[in-house]
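Hi,

Here is the structure I promised to pass on. Have a look at it first, and then read my notes below.

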Amino acid sequence: MNSVQGLLAASVISIQNSCFIYPACQNCLSRLILDSRRFNCLKCGCAGEAKDASYRYRLSLKIADTNDLFDITVFGSCLDPFFGVTAQNLQKYIQDFNQLSGETDTESSTRALVQAVETCFIGKRFLFGV
């Protein structure tokens with residue numbers, strides 16, 4: 001699943017969603033179900049305390065080469081250099097910011113993150129391993 005079959009030079013047209021980080025199972029990398037105290041993985045059955053959940057990047061993009069449009073999703077640590085931190089640390093920074101600023105509605109920090117990601121990626125050309 002991690003082997004690259006080819007390379008595609010393409011430009012990012014848009015960001016497909018605003019959820020760039022997700023709580024991921026350490027065993028199978030599936031999205032975890034979180035409540036205030038616990039996490040569960042529906043795929044492999046892994047469970048634990050919510051504070052111990054790990055996070056992973058998931059960036060869904062619409063890209064274009066010279067001939068076609070594509071919807072792709074980029075996962076994992078290959079995005080660390082673009083964000084400057086691991087997904088785990090970015091999640092912690094977002095939580096800390098929301099707590100320190102007294103934000104009960106996380107919409108403003110989400111908007112700021114989406115705007116930063118759009119500025120970083122939209123209109124830029126990248127080499128994608130597919």
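**What I found**

Leu 29 is partly exposed, with a relative accessible area of 39% (buried means under 20%, exposed over 50%, and partly exposed in between, using a 1.4 Å probe and protein chains only). Leu 29 sits in the loop between β2 and β3 (32–34). Its phi is near 70°, a positive value in a residue other than glycine.

Some housekeeping before the rest. This is a predicted model, where local features need pLDDT of at least 70 and side-chain atom pairs count only at pLDDT 80 or more, while totals for chains, interfaces and linings use all residues. Residues are numbered from 1 along each chain as its sequence is written, and side-chain values use heavy atoms, with hydrogens and water left out.

**Overall picture**

The protein has 3 helices and 8 strands; these are DSSP runs numbered from the N terminus, with helices being H or I of at least four residues and strands E of at least two. Read from the N terminus, the order is β-β-β-β-β-β-β-α-α-α-β. The C-alpha trace spans about 50 × 35 × 20 Å along its principal axes. There are 130 residues, and 32% of them count as buried.

On contacts (heavy atoms within 4.5 Å): among those with a separation of 6 or more, 58% are between residues 24 or more positions apart. The exposed surface comes to about 8400 Å², with carbon and sulfur atoms supplying 52% of it. Those areas come from the Shrake-Rupley method with a 1.4 Å probe, and for residues only the protein chains shown count as cover.

**The second largest pocket**

Rolling a probe the size of a water molecule over the atoms shows where empty space is left. The second largest pocket holds about 310 Å³ of space. You'll want the set-up: on a 1 Å grid over the protein atoms alone, a pocket is an open set of points with protein on both sides within 12 Å along at least five of seven lines, a cavity is a set where a 1.4 Å probe fits but cannot get out, and lining residues have an atom within 4 Å of a point. Grid points are joined across faces, edges and corners, and the volume is the space filled by probe spheres set on the points.

This pocket is lined by 15 residues, with Ile 21, Gln 91, Ile 94, Thr 110 and Leu 113 nearest its centre. At least two lining residues come from each of β2 (21–24), α2 (87–101) and α3 (107–121), and α2 gives the largest share, 4 residues. By type, the lining splits into 8 nonpolar, 7 polar and no charged. Here Ala, Val, Leu, Ile, Met, Phe, Trp, Tyr, Cys and Pro are nonpolar, Asp, Glu, Lys and Arg are charged, and the others, Gly among them, are polar.

**Salt bridges**

Side chains of opposite charge can pair when their charged atoms come close. I count 4 salt bridges in the structure, each being a side-chain nitrogen of Lys or Arg within 4 Å of a carboxyl oxygen of Asp or Glu.

- Lys 62 pairs with Asp 71 at 2.8 Å, N to O. Lys 62 is partly exposed at 23% relative accessible area, whereas Asp 71 is exposed at 55%.
- Asp 52 pairs with Lys 51, with the closest N and O atoms 3.3 Å apart. Asp 52 is partly exposed at 44%, while Lys 51 is exposed at 65%.
- Lys 92 pairs with Asp 96 at 2.9 Å, N to O. They are 4 residues apart in helix α2, so about one helical turn separates them. Lys 92 is partly exposed at 44%, and so is Asp 96 at 28%.

Shared partners also join Glu 49, Lys 51 and Asp 52 into one salt-bridge network.

**Two more residues**

Ser 54 lies in strand β6 (residues 54–64) and is buried, with a relative accessible area of 17%. Not counting residues up to four places away in sequence, Ser 54 touches Tyr 22, Pro 23, Ala 24, Gln 26 and Gln 88.

Cys 44 is in the loop between β4 (38–41) and β5 (47–49) and is partly exposed at 39% relative accessibility. Leaving aside neighbours within four places in sequence, Cys 44 contacts Cys 25, Asn 27 and Cys 28.

Cheers
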